[in-house]
Amino acid sequence: MSKILIVEDETIIRTALRKLLERNQYEVSEAPSVKEATSKFQLKDFDLIVSDLRLPGAPGTDLIKLAGDTPVLIMTSYASLRSAVDSMRMGAVDYIAKPFDHDEMVNAVKRVIGKAKAANKAANSTQTASTTIAGMIGTSDVMQDLYNRIHKIAPTNATVLIHGETGTGKELVARALHEESNRNNHLMISVNCAAIPDTLIESELFGYEKGAFTGAATNREGLVAAADGGTLFLDEIGELPLEAQARLLRVLQEGEVRPLGSVESRKVDVRLVAATHRDLRKLAREGKFREDLYFRINVMQLELPPLRERGRDIISIAESLLQRYCAQFGKPQLKLSSDAMDAIMSYNWPGNVRELENAMQRAVILCEDSTEIGDHLLSIDMDAQDLNDNTGSSIFEPARLASRSNGSSATEDLSLEDYFQRFVLEHQDTMSETELARKLGVSRKCLWERRQRLGIPRTKAGASASSGK
C-alpha cells in the first residue's frame, strides 16, 4: 500500500482528500503546514507528498527540496501559468488546480506514483552503468540520458562534437569518452583553440621542420602527432582559424599530418573529440567555419544541459563543492541553509558549474558561522537576474501574444497543458527540439513525453530544424 502525505492548512479540504485517497487504498497521513510535516514525519518514508502551494509559514514548494527523492504534487487555487511553471521548475512532478475533480486527483496520484516506481526500478537496474562518469554529479533525467549516450559512443572510434554553454563540463565528457574507449592506454591531448594565438595554432597542432619560419631552430612534433593512437580534444573548435581548419580536415580525411615546412606527411591514428558553445552550422553559413569540416566532425553530437535544467542536481553539486572547499580551507564541515538552497535553485547560473564553484568557494572563505552557509554569502545577483528576466524574451511572452490575438483577457486563463500545446504547435516549424525545450524550461526527454501524451507529432520541418543544430 503506497503512503501519501497531505499538507494542507484548510481542514475541510485536507479531510476530504484523505478520505478520497483512503477509499482508493492509499495509506494517508496529514499535516497543516511544512513545519509540522517536517517535524512530525520523515518525508522520505512517503511515496508521494500532495501539498497546497500557499501555506502558513513556508510555501508548499519548500517540501520539494526537503523531500529528497519523494515526488511532490502541488495543489493551488491560484491557478496561474506562472505559479504552475515555477513549481515544476523547482522540481514538482505536476500540479492540480483547486477545486479539483475527484477522478482527476486520483488519476494524477496513480500516474505520479506509478511513474516514480518505474523510474526507481529503472534506476536500480542501470545504476552501475550510469554512475561511472568520473567527476560528474547528477541523477536527473537529462544527465542519465547523457551518461547512457557516453557509454554507447565511447567504445567506438566515431568523431564526437560536444555542444554546451560555458562551464557545463565539456572536458569532463571528453575525458570520459577517452577513458571508456580502447584508446585509454594512449594519451588524450587537450587543446583550447581560443587560448592559442592565430599565428601559433598551426605550428602547435601540426608541428614544424627546422627552418620553416624565423625562430624554428629545431624540428618539433605537433599535438596531433603526439595524440597518435589516442584522443585529440579540441575545445572551442569554433575559434580555430580557417587555415588551420583546412589542415585539420586533411588529418580527418586522409589520416595523415604534414608539419609546417615539410614535404612529407606522417600517418596518424587519432580520434577527434571537439567541443564548442557556438552554433557551428550558423558560422558555416556565414563563412566563418568550413562547412566540409563541420559535416566531418558532426558525426555524433552530445548536448550538455546547462545547470538550470538539471533540477536538484544543482544542490548535489553545491554540497559536493562545499565539502571540497571546507577541506581545502580547513573549515569545519558546513551545510547549506534553507535560504541558500532556495537561492541556488532559483538562480539561472549563466556560468554554470564554473560559476557555482566560484560562489561556493567564496561562501566558504567568507563564512564565520561554524554550522551553515547563508544565501548572502553566495553573492548571487538575483536582482540583476530578475531585471534580465523582465526585459528579455521568455516563454510567457508568446502566451500573452497568443491570448491577445485570440481575444483572451489574461494569460493566466491558460492551463499549463493548453499553453504547452499551443506553444509547440506555433513554433515547432521554426525551432529545433532543443530550442523548444529550452524556451519551455524542460528537458528534451520531457518535451518528447508530453508530445506523446498530448498527441503532437513532430513535423518534417521541425525535424529538419532539429537536425541542423
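F329, I365 and L366 together make a nonpolar surface patch of about 260 Å². The model is predicted, and the values below are computed from it.

The next residue to look at is C367. The cysteine sulfur closest to that of C367 is in C326, 7.9 Å away. A disulfide is a covalent bond between the sulfur atoms of two cysteines. The cut-off for such a pair is 2.5 Å, so the 7.9 Å between the sulfurs of C367 and C326 is too far for a bond. The structure as a whole holds zero disulfides. Another cysteine, C193, has a relative accessibility of 3% and therefore counts as buried.

The last stop is helix α3, which spans residues 62-66 and includes D62. D62 counts as buried because its relative accessibility is 12%, and the limit for buried is under 20%. The side chain of D62 makes a polar contact with the side chain of K65, at 3.3 Å. Leaving aside residues up to four places away in sequence, D62 touches V34 and D342. The picture at D62 is thus a buried acidic residue with a side-chain partner in K65 and with V34 and D342 as contacts from elsewhere in the sequence.

Methods: Residues numbered from 1 in each chain as written. Predicted model: local features only at pLDDT ≥ 70, side-chain atom pairs only at ≥ 80, totals over all residues. Heavy atoms only, no water. Helix = DSSP H or I, 4+ residues; strand = E, 2+ residues; numbered from the N terminus. Buried < 20%, exposed > 50% of the residue type's maximum accessible area, 1.4 Å probe, protein only. Polar contact = N/O pair within 3.5 Å; in protein donor to acceptor, adjacent residues only side chain to side chain. Contact = heavy atoms within 4.5 Å. Patch = residues over 30% accessible without salt bridge, like charges linked within 9 Å, V, L, I, M, F, W, Y side chains within 5 Å. Areas by Shrake-Rupley, 256 points an atom, 1.4 Å probe, with all protein chains shown as cover. Salt bridge = Lys/Arg side-chain N within 4 Å of Asp/Glu carboxyl O.
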